[in-house]
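Come along and check each entry against the picture.

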Amino acid sequence: MAILTKTTAQWGLLGLSGASILISIIVLGIISTEMEEEVGERIVCYYSNESTRRGCDTGIAISIIALLVSLGLTGIHAVDVLNYRTFKDFTGWHATIVRTGITSFQCFLWLIAFIVLEHDWINSTYNTDNSVRRSPAVATIVFSFMSFLLWGGLTGLTAFMMRVASQERSENVNAERTPRPVAAGAGLTPVSQSQETSAPSQEPFDPDAEDPPANADAPAIMDVTSE
C-alpha cells in the first residue's frame, strides 16, 4: 500500500500552503516592528550596520512575495481538494508544472533570505549578548529556515502531483486511441413488422402435383388451312 497517494498529497499541499501564510506574516511582523526603528529622520535596521538596510529590505520583500504566492496557491489547492470540474484547468498537468516552478522559486528565495539575515546579524554592531534585538533577530532567522524547508516540501508534493497528472493524461490519450468493440448486430438495419407482413406469400411445394401444360395460358390459334 502506497504511503503517499493523490488525496494525501492534495491535503498536504493545502496544509503546507496554509502554514506558509502564517510564517510569512510572522516574519514580516517581526522585522517591521522589532528589527527596524525610526531614529530621527532615518530608519535604522538592526540586522545590519547603520550604513545599510539590506537585511530588513530582503526579509520584508521576500515575506510579502511569499504571502501573496501562498494565498494564491492555497486557493488553488483548495479547489484541487474539492475537485471542482469548473476549475479543472487550474489543477491539470500544465498547471502542476507551473506550480512546481513557483514553489521551487519561492523555496530558493527563502534560502536567500535565511543566508542574508544570518550573515547580516552576525556582522551587525547590534549583535551583543545584552541586546534586546537578539531574540527577534534569531526568531526571524529560524522562521526563514523553516520556510525554506516548508517550501521544499511543497515543491516535492507538487512534483508528485505533476507525475500523477502526467499518468492520468497518458491514460486518457490511450483510452481515446483504443478502438471500441462493436456489439453483435450493430450496423444492421432492423426489419419492421409491416415489412415482414408485406412480403409475398408462397404456396408450399407439392411433388405429386402435375405440371401444367406448356401453353396452357397461351391463346388458341385457329387452323384456317383446313377450310
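**Entry 1: a pair in helix H4**

What separates phenylalanine 145 and phenylalanine 148 in helix H4? I looked them up and found that they sit three residues apart, so about one helical turn lies between them. I also wrote down that this is a predicted model.

**Entry 2: aromatic rings**

I searched the whole structure for aromatic pairs and got four. One of them joins phenylalanine 114 and phenylalanine 145, a tilted pair with 5.2 Å from centre to centre and 50° between the planes. This pair links distant parts of the chain, since phenylalanine 114 belongs to helix H3 (residues 93-122) and phenylalanine 145 to helix H4 (residues 134-177), 31 residues apart.

My next pair was phenylalanine 145 with phenylalanine 148. Their ring centres are 6.1 Å apart and their planes meet at 40°, so I noted this pair as tilted too.

Phenylalanine 114 is buried, because its relative accessibility is 18% and the limit for buried is under 20%. Phenylalanine 145 is partly exposed at 36%, and phenylalanine 148 is partly exposed at 22%. Together, Phe114, Phe145 and Phe148 make one aromatic cluster.

**Entry 3: stepping back**

I wanted the overall layout next. I read five helices and two strands in the chain, in the order α-β-β-α-α-α-α along the sequence. The chain has 227 residues, and 30% of them count as buried. Its accessible surface comes to about 15,500 Å², with 60% of that belonging to carbon and sulfur atoms.

**Entry 4: the nonpolar core**

Which residues touch the most other members of the largest nonpolar core? I found Ile31, Met35, Tyr47, Trp110, Trp121 and Trp151, in a core of 31 residues. The elements giving two or more residues to this core are helix H1 (6-34), strand S2 (42-45), H2, H3 and H4. H4 gives the most, with nine residues.

Leaving out neighbours within four places in sequence, its contacts include Val44, Tyr47, Trp121, Arg133 and Pro136.

**Entry 5: salt bridges**

A reminder to myself: side chains of opposite charge can pair when their charged atoms come close. My search of the whole structure gave five salt bridges.

In one of them, the side chains of arginine 133 and glutamate 37 meet at 3.0 Å, N to O. Arginine 133 is in the loop between H3 and H4 and glutamate 37 is in strand S1 (residues 36-39), so the pair ties together parts that are 96 residues apart in sequence. Arginine 133 is buried, with a relative accessible area of 16%, while glutamate 37 is partly exposed at 35%. I saw that Glu34, Glu37 and Arg133 are linked in a network of salt bridges.

Another salt bridge joins the side chains of aspartate 120 and arginine 54, at 2.4 Å, N to O. It links distant parts of the chain, with aspartate 120 in helix H3 and arginine 54 in helix H2, 66 residues apart. Is aspartate 120 buried or exposed? I found it buried, with a relative accessible area of 6%. Arginine 54 is partly exposed at 43%.

I also noted arginine 53 and aspartate 57, whose side chains meet in a salt bridge at 3.0 Å, N to O. Arginine 53 is partly exposed at 26%, and aspartate 57 is partly exposed at 40%.

**Entry 6: valine 116**

Back in helix H3, I stopped at valine 116. Valine 116 counts as buried, at 15% relative accessibility. Not counting residues up to four places away in sequence, valine 116 touches Arg54, Gly55 and Thr58. I also checked serine 48, which is 68 residues from valine 116 in sequence and 10.0 Å away in space, C-alpha to C-alpha.

**Entry 7: a patch on the surface**

My last stop was the outside. Ile64, Leu68 and Leu71 form a nonpolar patch there, with about 290 Å² of accessible area together. Leucine 68 lies in helix H2 (residues 54-82). Leucine 68 is exposed, because its relative accessible area is 57% and the mark for exposed is over 50%.

Notes: Residues are numbered from 1 along each chain as its sequence is written. This is a predicted model: local features need pLDDT of at least 70, side-chain atom pairs count only at pLDDT 80 or more; totals for chains, interfaces and linings use all residues. Side-chain values use heavy atoms; hydrogens and water are left out. Patches are made of residues with over 30% relative accessible area and no salt bridge: like charges are joined within 9 Å, nonpolar side chains (Val, Leu, Ile, Met, Phe, Trp, Tyr) within 5 Å. Accessible areas come from the Shrake-Rupley method with a 1.4 Å probe; for residues, only the protein chains shown count as cover. A salt bridge is a side-chain nitrogen of Lys or Arg within 4 Å of a carboxyl oxygen of Asp or Glu. Helices (H or I, at least four residues) and strands (E, at least two) are DSSP runs, numbered from the N terminus. Buried means under 20% relative accessible area, exposed over 50%, partly exposed in between (1.4 Å probe, protein chains only). Rings of Phe, Tyr and Trp (its six-membered ring) pair if their centres lie within 6.5 Å; planes under 30 degrees apart count as stacked, over 60 as edge-to-face and the rest as tilted. A nonpolar core is a set of buried Ala, Val, Leu, Ile, Met, Phe, Trp, Tyr and Cys residues joined through side-chain atoms within 4.5 Å. Contact means heavy atoms within 4.5 Å.
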